[in-house]
Amino acid sequence: MGGIENLFHGFQIAITPFNLFIAVIGITLGTIIGVLPGLGGANGVAILLPLTFTMPPTSAIILLTSLYWGALFGGAITSVLFNIPGEPWSVATTFDGYPLARQGQGGQALTAAFTSSFIGALFSIVLITFFAPLLAEIALRFGPPEFFAIQLLTFSSFIGLGGGDPLKSLVSIVLGFILAAVGLDIVTGQLRMTFGFVDLMKGFDFIVAVIGLFGIGEILLSVEEGLSFKGTVTGMNLRVVLDTWKILPRYARTFVRGAFIGFWMGFKPGGATPASFMSYAFAKRFSKHPERFGKGELEGVVAPETAAHAAGVAAMLPMITLGIPGSPTAAVMLGGLIIWGLQPGPLLFTEKPDFVWGLIASMYTGNFIGVLMVLAFVPFFAAILKIPFAILTPLIVVVCAIGSYAVHNSMIDIWYMLIFGVIGYVFKKLDYPLAPLVLALVLGDLAENALRQSLIMSQGSLAIFVSRPIAGVITAVAIFFFVLPVLTPWWRRMRGTAVPSARPS
Amino acid sequence: MRAADLATASILILLGGVVVLDSMRIGIGWGTDGPRSGFFPFWLGVILILAAATIAVQAWRRAIDKPFVTRERLSPVLKVLWPATVMVILITPLGLYVASAIYLAFYMRWVGRHSWLAVALCAIGVPLLTFVVFELWFLVPMPKGPLEAWLGY
């Protein structure tokens, strides 16, 4: 296989001065976005998406992915220094990161966090480099039934592995699909659920939904909880970094375990958060000093960060090979691909090799530049949180409004953004997960078309999803995940362990 | 919390009902060349109603309850929401840049009690910066009003 050759070619694209410059800009903005409350990877990418319309697609995707790496790094800064997880998968990092910072070892904790992030990401990128072309080749043989089965698997894993209330996950998914169906039905040309309103004909854009649900919703949630940044001082210098690097090889096993858990959980949707918790739990179980965890054990920072970053990168694998995003951020990037005129899916590898391999190579360069930049500029990024929240809050609202408007140059989108913001706030409080809603909104048309085409192929029989070998296996796994929440309590009762497990949410 | 859960579930059931009715109007069965337009949304609506109804029953049975939001914690949320709504209303007549300047200034002064100097710097600086980035560098047009027209944009 010409994998290495392709990758080398990709590096030639990623290492041009312009693309490196783009990567630096992306990482800087991404880290700022990751540090700010209310702005995460997904809506940061969504807000910046309109700025990429005029760029070449490869530079555009490098900007957005770099932003994503930056946001992943930035989440670690707030977790360690301020005990505020910027993203759900940074929650486990606060357990030991913040105590370390309180003990004056914030520099050590941050170095460990960034280094583990980098190693976790690198592990996933190497796997993507080798697996992505293979997976794309297999996916080329997929027909509509296989694609629908994969969609089913995508959403079933939210229900079976998401960790929240399975019914509420189901509601989120269905709601996303319903919102996606609003407007013109491209197959029959009929209007659906528009009720005579012209504005509803265009349907709902998921980018606006992302900005509202995650951006405005998050800001409402954080003002309700009362923004207070009781920061700790960072003692970050080259000496601390080098000293920490000397200790880190001790945790080699934790790195490997975390990276595997992260990759395995990550290419399935919603995997980063459970991966980080699982990696933390494993590290604690196998540690010689489990009692030190939660009080400031460096290994407790290494484990979740490695897994979270490995999972975050792995989420890109199904996006570039199958055209099915593994996370809301990947979903926004997928939307970007369509806007730039690229057809996401397995054909990308044969039709746009420059784009795919440039993207994969930029994952290496982006993460490498990223880890160096965050190590060097931590005090600068941490200082962003010193901006008073009475400036930060309206600023974020304004930026969100600009981003929503820019998608289609339409005023109604700003109103949708506000409404989605309130929905996001209420849903978050009631534990309805938001990621499945966004993914369903993105994939709605694709899933519906795959379902319809499959049914046309089979003359309306659902048996087509189990009779074809590949589709059958995927459907079986999907059904298993769907019934998992029903099976688990029953299984526990059978074994006589009545103790409900503390599930990571 | 229970009341909020019940209310949300009820709204979702209603929404599901609307979806089911609209889908039945356009046809949920088999057309001449495949499933008709209402087929997919119809089943989504059915699932939504069933799931939301189960959530409502579970919420109804739940004994332990904590309030969804207390009055004093709701107040900062509303303080963000209603000025933001006013800003969105103002965008149509005044343009986005002026509306966001007013919003920034108002919020900073009212909630943050910042000095007039800081308020002026931010309220003018931020829209100016976004104008340069979006209109001039990346050529992404924003809604503009009389001020921009007067300045020749």
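The entries follow, grouped by element.

**Conventions.** I am working with a predicted model, where local features need pLDDT of at least 70, side-chain atom pairs count only at pLDDT 80 or more, and totals for chains, interfaces and linings use all residues. Residues are numbered from 1 along each chain as its sequence is written, and chains are lettered from A and ligands numbered from 1 in the order in which they are written. Helices are DSSP runs (H or I, at least four residues), numbered from the N terminus.

**H7 and H19 of chain A.** I looked up how helix H7 (residues 166–181) of chain A sits on helix H19 (residues 435–457) of chain A, and found an angle of about 50° with the axes 7 Å apart. Axes here are lines fitted to C-alpha atoms over the stretch in contact, and angles run from 0 to 180 degrees between N-to-C directions. The angle makes H7(A) oblique to H19(A). I note the classes once: under 35 degrees is roughly parallel, over 145 roughly antiparallel, 65 to 115 roughly perpendicular, and the rest oblique. The crossing of H7(A) and H19(A) is right-handed; that term means the near helix is turned clockwise from the far one by less than a right angle, and left-handed means anticlockwise. On the H7(A) side the contact residues include A:Ser169, A:Ile173, A:Gly176 and A:Ala180, and on the H19(A) side they include A:Pro436, A:Ala440, A:Gly444 and A:Glu448. Contact means C-beta atoms, placed from the backbone, within 7 Å. By class, I get twelve nonpolar, four polar and two charged residues for H7(A) with H19(A). Nonpolar is Ala, Val, Leu, Ile, Met, Phe, Trp, Tyr, Cys and Pro, charged is Asp, Glu, Lys and Arg, and the others, Gly among them, are polar.

**H11 and H12 of chain A.** Helix H11 (residues 272–286) and helix H12 (residues 299–314) of chain A pack at about 150°, axes 8 Å apart. That makes H11(A) roughly antiparallel to H12(A). The crossing is right-handed. Among the residues that meet are A:Ala272, A:Ala275, A:Ser279 and A:Ala283 in H11(A), with A:Gly300, A:Ala303, A:Ala307 and A:Ala311 in H12(A). The contact has ten nonpolar, five polar and one charged residues.

**H3 and H14 of chain A.** The crossing is left-handed. A:Gly41, A:Ala42, A:Val45 and A:Ala46 in H3(A) meet A:Pro328, A:Thr329, A:Val332 and A:Met333 in H14(A). I find six nonpolar, two polar and no charged residues there.

Helix H18 (residues 411–429) of chain A has 19 residues and reaches 28 Å from its first C-alpha to its last, close to the 27 Å expected at 1.5 Å a residue. The expected span is 1.5 Å times one less than the number of residues. Its buried residues include A:Ile414, A:Met417, A:Gly421 and A:Tyr425. Buried means 20 or more other C-beta atoms within 10 Å, exposed 12 or fewer, and partly exposed in between, with C-beta atoms placed from the backbone. What do the buried residues of H18(A) pack against? They pack against helix H8 (206–224) and helix H17 (389–408) of chain A, together with helix H3 (71–94) of chain B. H8(A) reaches 26 Å over 19 residues, and 17 of those 19 are buried.

**Positive phi.** Most residues other than glycine have a negative phi, and most peptide bonds are trans. I noted A:Asn409, not a glycine, at a positive phi of about 50°. A:Asn409 lies in the loop between H17 and H18 of chain A and counts as exposed, with 12 C-beta neighbours inside 10 Å. A:Asp431 has a positive phi near 65° and is found in the loop between H18 and H19 of chain A. A:Asp431 is partly exposed, with 13 other C-beta atoms within 10 Å. Just after H8(A), A:Gly226 takes a positive phi of about 80°.

**Chain interface.** I looked up the contacts between the chains: 51 residues of chain B are in contact with 47 residues of chain A. On the chain B side, the elements giving two or more residues are helix H1 (2–26), helix H2 (39–61), H3, helix H4 (96–110) and helix H5 (116–137). That side divides into 37 nonpolar, ten polar and four charged residues.

Technical notes: Two residues are in contact if their C-beta atoms, placed from the backbone, lie within 7 Å.
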